[in-house]
Amino acid sequence: MPPPARDGDGAYGEAMAIGGSRIYHVNSNCTDLPRSVAFYEALGLAPITRTVPSRPQPGGAFGLDEVAWDAWMLQGDCGYDGLSLDLLQWTVPPPTGRPPATMWEPGFSRLVLTVPELDQVLDVVGSHGGRLLAGPSPVIDPDGASVPTAMVADPDGVALQLEDGDDTRIARVVVNTVDLDESLAYYLDVLGLRLVGRWQGASADGSLFGVEGSVEFSRADVADSGSQFGVSLVQWHRPVAPGPDDRRVRGANELGLFRMAWSTDDCARDEGVVRAAGSAPFAPTGELSVGDDLPLLRVLFWPGPDGECLELIEVTSASGALG
């Protein structure tokens with residue numbers, strides 16, 4: 001999958017940024033929705049809105065022929081000021097595939113959640129269908145603070161990084177990149193995020209990532225201006241440095257993290273921005289039903305620079321309750 005095209009200066013141009021005001025939700029696909037909801041409730045997230053269309057509908061926006069699902073939106077302690085987790089079980093077509101097998105495959109890697117009383121949360125992970133992968137152990141964050149951290153897998157094997165914090169929230173999503181400069185330019189110039197910090201040649205204990213010895217990577221953190229959430233773009237150097245041929249666009253019904261959505265007031269306008277940046281949406285902007293009692297949405301889906309699916313949702317005053 002070739003990445004979107006930049007100009008001769010390696011940038012897309014500030015005027016090309018989408019008008020999306022904030023990152024709205026991150027979607028994760030599961031095989032048993034009640035089981036997965038119970039697991040994330042045990043971590044401290046709360047189900048807020050259920051989205052379940054009553055009948056299958058055309059699925060071109062997802063790159064599929066026909067689609068139907070059952071889903072819950074879950075939130076942390078900061079409610080609508082934070083990010084929602086769109087936890088979704090596909091019914092048409094059924095779920096398939098697996099989450100990434102390693103921490104360094106390009107695209108979406110894992111969600112990072114903060115939780116108070118990390119040890120108490122880890123005590124209930126196994127009883128709700130999850131697994132402790134590594135930790136807890138202290139990790140030095142970019143500000144130099146030591147943060148107790150653990151890696152766990154949800155009931156479908158989706159990796160989660162749990163950090164001890166003051167409240168329960170989805171703090172950020174990790175996107176593995178093949179070329180950090182390239183992906184960072186896209187997230188700044190096209191998606192309109194701001195740079196929070198950048199670290200070259202960082203190292204860490206590999207035990208949290210399932211490898212012996214140390215790991216080495218470079219990282220850039222970006223964020224929007226409308227929510228308490230960020231994106232960590234990571235380029236791995238050791239143990240594996242993924243190359244361009246390792247990029248892959250995951251199917252919409254594959255298990256694990258699939259898409260990250262921005263809210264916008266004009267999806268069709270922003271489609272022009274996306275296409276001008278060299279990205280190819282799965283289908284033109286179109287309407288999508290998320291439930292008979294909820295308003296129709298206008299949506300656009302397209303692959304980002306590392307195969308991660310990005311989404312725009314045109315939000316009206318009536319549809320703001322979706323989270």
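Skipping neighbours within four places in sequence, Val231 makes contact (heavy atoms within 4.5 Å) with Ile23, Arg172, Val173, Val175, Tyr187, Leu193, Ala220, Asp221, Val222 and Met260. This is a predicted model, where local features need pLDDT of at least 70, side-chain atom pairs count only at pLDDT 80 or more, and totals for chains, interfaces and linings use all residues. Residues are numbered from 1 along each chain as its sequence is written, and side-chain values use heavy atoms, with hydrogens and water left out.

Val231 also turns up, with Tyr187, Met260 and Trp262, among the residues touching the most other members of the largest nonpolar core, which has 53 residues. Such a core is a set of buried Ala, Val, Leu, Ile, Met, Phe, Trp, Tyr and Cys residues joined through side-chain atoms within 4.5 Å; buried means under 20% relative accessible area with a 1.4 Å probe, protein chains only. Helix H1 (residues 33–43) gives this core its largest share, five residues. A second, separate core has 19 residues, including Phe258 and Phe301.

Now for strand S14 (residues 256–264): nine of its nine residues are buried. Strands here are DSSP E runs of at least two residues, helices H or I runs of at least four, and two strands pair if DSSP finds at least two bridges between them.

| Partner of S14 | Sense | Bridges |
|---|---|---|
| S1 (residues 22–30) | antiparallel | seven bridges |
| S17 (residues 309–314) | parallel | six bridges |

Asn29 sits opposite Gly256 of S14, while Thr264 faces Glu314 in S17.

As for pLDDT, the predictor's confidence in each residue from 0 to 100, the chain mean is 91, with 93% of residues at 70 or more. Residues 317–323 fall below 50.

Terms used: Buried means under 20% relative accessible area, exposed over 50%, partly exposed in between (1.4 Å probe, protein chains only).
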